[in-house]
Amino acid sequence: MSNPDTLESLINQDTKIKVSSTLDKSVGKKYLIDGSPETCWTSQQGTPQYIQLSFASPVQLKRVELTFQGGFVGTRCSVEVLPWTDGGEKSAWHVFTQIYPEDVNRKQSFDLNTNSGTEFTEHRIDSMKLVFEESSDFFGRITVYDLQVLGVTMP
């Protein structure tokens with residue numbers, strides 16, 4: 001079992017990634033997490049756009065780190081979660097919090113455990129979705145060079 005004070009990357013080879021759209025194959029979803037500053041994911045035009053992560057086991061979300069391309073930043077983003085359910089019953093997406101990235105190229109970190117008003121802060125999460133509701137790009141495109149999700153894997 002993980003130490004609750006130690007944050008770990010929640011993205012691994014078993015994490016399933018879905019995106020709302022991809023501009024073309026050269027900027028596909030696999031480049032979100034390849035660790036290379038040379039590659040990225042770029043959406044097609046139009047909002048909203050999203051990145052959805054489904055985890056292999058239940059997690060507690062603590063922080064999201066994003067590196068955008070300036071000019072193509074999701075400037076208003078809802079972090080939605082799907083609670084983990086035992087026994088296969090269906091669950092519904094819930095808004096966990098809102099984040100507001102700046103229109104810059106550098107890595108930006110957002111602590112997710114500061115919004116104590118949400119009932120999902122300490123819950124076991126199955127999936128998360130970053131929904132980019134607004135973009136700094138006139139056409140609504142989003143470009144992300146790196147995505148990290150940190151937290152704790154739950155038993």
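View 1. Within β4, Lys18 is partnered through a bridge by Gln52, in a predicted model whose local features need pLDDT of at least 70, whose side-chain atom pairs count only at pLDDT 80 or more, and whose totals for chains, interfaces and linings use all residues. Strands β2 (residues 16–19) and β4 (residues 49–68) run antiparallel and are joined by 4 bridges; strands are DSSP runs of E of at least two residues, numbered from the N terminus, and two of them pair if DSSP finds at least two bridges between them. The covered face of β2 carries Ile17 and Val19, whereas Lys16 and Lys18 make up the uncovered one. Residues are numbered from 1 along each chain as its sequence is written, and side-chain values use heavy atoms, with hydrogens and water left out.

**View 2. The aromatic pair of Phe68 and Phe132.** The structure holds 2 aromatic pairs (ring centres of Phe, Tyr or the six-membered ring of Trp within 6.5 Å; planes under 30 degrees apart are stacked, over 60 edge-to-face, the rest tilted). With centres 5.9 Å apart and planes at 80°, Phe68 and Phe132 are edge-to-face. Because Phe68 lies in β4 and Phe132 in strand β8 (residues 125–135), the pair ties together parts that are 64 residues apart in sequence.

**View 3. The aromatic pair of Phe138 and Phe139.** Phe138 and Phe139 form an edge-to-face pair, 5.2 Å centre to centre with 85° between the planes. Phe138 is exposed at 77% relative accessible area, while Phe139, at 44%, is partly exposed.

Notes. Buried < 20%, exposed > 50% of the residue type's maximum accessible area, 1.4 Å probe, protein only.
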